[in-house]
Amino acid sequence: MIEVKHLTKIYKTPSQEILALDDVSLQVEDGEIFGIIGLSGAGKSTLIRCINMLEKPTSGQVIINGVEITALEPHELRTARQKIGMIFQHFNLLSSRNVFDNVMFPLEIAGVPKKEAAERVMELLELVGLADKANAYPAQLSGGQKQRVGIARALANSPELLLSDEATSALDPQTTRSILGLLKDINKRFNLTILLITHDMNVIKETCDRVAVIAESRIVEVGRVIDIFSNPQTSTSRSFINTVMKRDIPEELLEQPDSAAPSERRLVSVSFIGKSAGQPLISSMIKKYDVDANILYGNIDRIKDTPFGYLTLELTGPADQIDEALLYLKSHGLEVEVINHV
Amino acid sequence: MFDAWMMDKVLLATWETIYMVAISTFLSYVFGLPLGVILVVSSDGHILENKVVNQVLGSIVNVMRSIPFIIFLILIIPLTRLIVGTYIGTVASIVPLTLAAIPFVARLVETSLKEIEWGLIEAALSMGANSWQIISKVLLPEAMPSLTLGVAITTINLVGYSAMAGIVGGGGLGTLAYYYGYQRYENAIMWVTVIILIILVQLVQMLGDSLAAKISNRRR
């Protein structure tokens, strides 16, 4: 388990002080994929670097599996870092070494005997699907292949934790998907805890169990990805969700006056999570209550491995019937939010 | 006027120049390479940041580099005498050549190593590498093509310096050109010397270029 307690980082320049992290605390459980999302400059890069002390926090603690990383002597820190793998946006492979020797690098640092290390390297290249590229130099590889080498390298010393610093931000969408797939696979196979930072909500949606939203050096929201998607609490979270799922309703629909109608009209948004996404709840609601439903927008997607549906409905009918219908939906585990009373 | 006797003289002088330059290039790297590495790793924000060391070494390098070689040569005669026993001749020339080249090499090495992306160093740090491992496994290998070109530049510079040393009795092509070409008005010797120097410089540059290209091509 990773515990971050009251982490603060202030960069001092001769002219000013810049607060990069402001009293950040969080917990990452064993075996989960935990995402930190924020815009550039929000502090996520500083935060992930404080976890393995590439950046020294001004105050606060980082504790990994009971070891207080922030309190270690330099030589102890080096040993601890061997058990914390890290992958990078720009891969950071050594151009002077071929793929094999790049993956060998952390094993050399850890002093693993040559023969044993060579076997381990081949095993890792097999795992990331690059065994045939062992003799290639990084310059001969595509971005996705480079990141696979980066992942193999990060796993070399069988880490307890993998830090991912915008690992897919320099890759195209298709390659991003395959790299994320590999990370999920590794997470499952080795029960490896992964802490990743990104500015891409898709990455969070596809891979993470939990997410922390960081804005202006602070964590503004933290929780299960599903919960944040179905019920975001902050405008920052909402705008990130909007980048992958359009939830805004066109103005015209919100205003549309319909004075002739004797009944009430309400716009509601309904989120389905997991199993309920597969049930015909809306149609049974219509049958059961005296309401009409007009679907304005709908989307069904996956958040990591859970189906996640989202509907914007226009409900018309007597007010009490609408109220009952909404209660019915809620009782079946749907998130219901009334967007507008008309 | 350009006979076999002269030919022998020219060959000997060429050999002396090559010998002087080769040994002083080698020795200047023995001292200049570590110095350049220290200048880099002790700089602000680097793996062994140390303001005092960085500034003291940087100033020494700057001071030494600001003295014109021909003056430096004369200035350190006592030291040359102390080390070699004399300040005349090929072996004695190696002392000022080496000493003058050390700060030059240090700056060249510094420039080469500073070009390396910080991300590579960060990656090594994240794996738990110590400073020595970062220097020997990241900085130097990554900078190898650029360092190789630096060796060529240093060698060429030392060819020029060695000719200056020749004027105060350092031996080699400089001495030959000075005594025969200048003092005895033997223009032919002067020209032969110049042509040999041009060829030497060309050879060194070509060798440096092709070695550097070979190293980077292998990585491409």
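**Strand pairing, helix packing and the chain contact**

In the predicted model, the bridge partner of G35(A) in β8(A) is L196(A). This pair belongs to a parallel arrangement: strand β3 (residues 33–37) of chain A is joined to strand β8 (residues 193–198) by five bridges. β3(A) also pairs with strand β9 (residues 210–215) of chain A, again in the parallel sense, over four bridges. Here I37(A) has V213(A) of β9(A) as its bridge partner. β3(A) is mostly covered, with five of its five residues buried. Burial extends to both faces of the strand. I33(A), G35(A) and I37(A) lie on one side, and F34(A) and I36(A) on the other.

Strand β6 (residues 84–88) of chain A is likewise mostly covered: five of its five residues are buried. One side carries I84(A), M86(A) and F88(A), the other G85(A) and I87(A), and all are buried. β6(A) runs parallel to strand β7 (residues 161–165) of chain A, and five bridges join the two. Within this pairing, F88(A) stands opposite D165(A) of β7(A).

An antiparallel sheet is also present in chain A. Its four strands form an open sheet in the order β2-β1-β4-β5. The edges are β2 (17–28) and β5 (67–68), each of which pairs on one side only. Strand β1 (residues 2–12) of chain A runs antiparallel to β2(A), and eight bridges connect them. K9(A) is placed opposite L21(A) in β2(A). Helix α1 (residues 44–51) of chain A lies across β1, β2 and β4 (59–64). The helix runs at about 60° to β2(A).

Chain A as a whole has 12 helices and 14 strands. The C-alpha trace spans about 80 × 50 × 35 Å along its principal axes. Of its 342 residues, 41% count as buried. Among contacts in chain A between residues at least 6 apart in sequence, 70% join residues at least 24 apart.

In chain B, helix α5 (residues 90–114) packs against helix α8 (residues 144–167). The angle is about 150°, and the axes are 10 Å apart. α5(B) is therefore roughly antiparallel to α8(B), the angle being over the cut-off of 145 degrees. The crossing is right-handed. On α5(B), the contact is made by S93(B), P96(B), L97(B), A100(B), A101(B), F104(B), V105(B), L108(B), V109(B) and S112(B). On α8(B), the contact residues are S146(B), L147(B), G150(B), I153(B), T154(B), N157(B), L158(B), Y161(B), S162(B) and A165(B). By class, the residues of this contact of α5(B) with α8(B) comprise 13 nonpolar, seven polar and no charged.

Chains A and B also touch each other. The contact takes 18 residues from chain B and 19 residues from chain A. On the chain B side, the elements giving two or more residues are α6 (118–126) and α7 (131–142). α6(B) gives the most, with six residues. The side of chain B that touches chain A has eight nonpolar, five polar and five charged residues.

Technical notes
Residues numbered from 1 in each chain as written. Chains lettered and ligands numbered in written order. Predicted model: local features only at pLDDT ≥ 70, side-chain atom pairs only at ≥ 80, totals over all residues. Axes fitted to C-alpha atoms, helices over the stretch in contact; angles between N-to-C directions. Parallel < 35°, antiparallel > 145°, perpendicular 65-115°, else oblique. Left-handed = near helix turned anticlockwise from the far one by under 90°. Contact = placed C-beta atoms within 7 Å. Nonpolar A, V, L, I, M, F, W, Y, C, P; charged D, E, K, R; others polar. Pairing = 2+ DSSP bridges. Buried ≥ 20, exposed ≤ 12 C-beta atoms within 10 Å, placed from the backbone.
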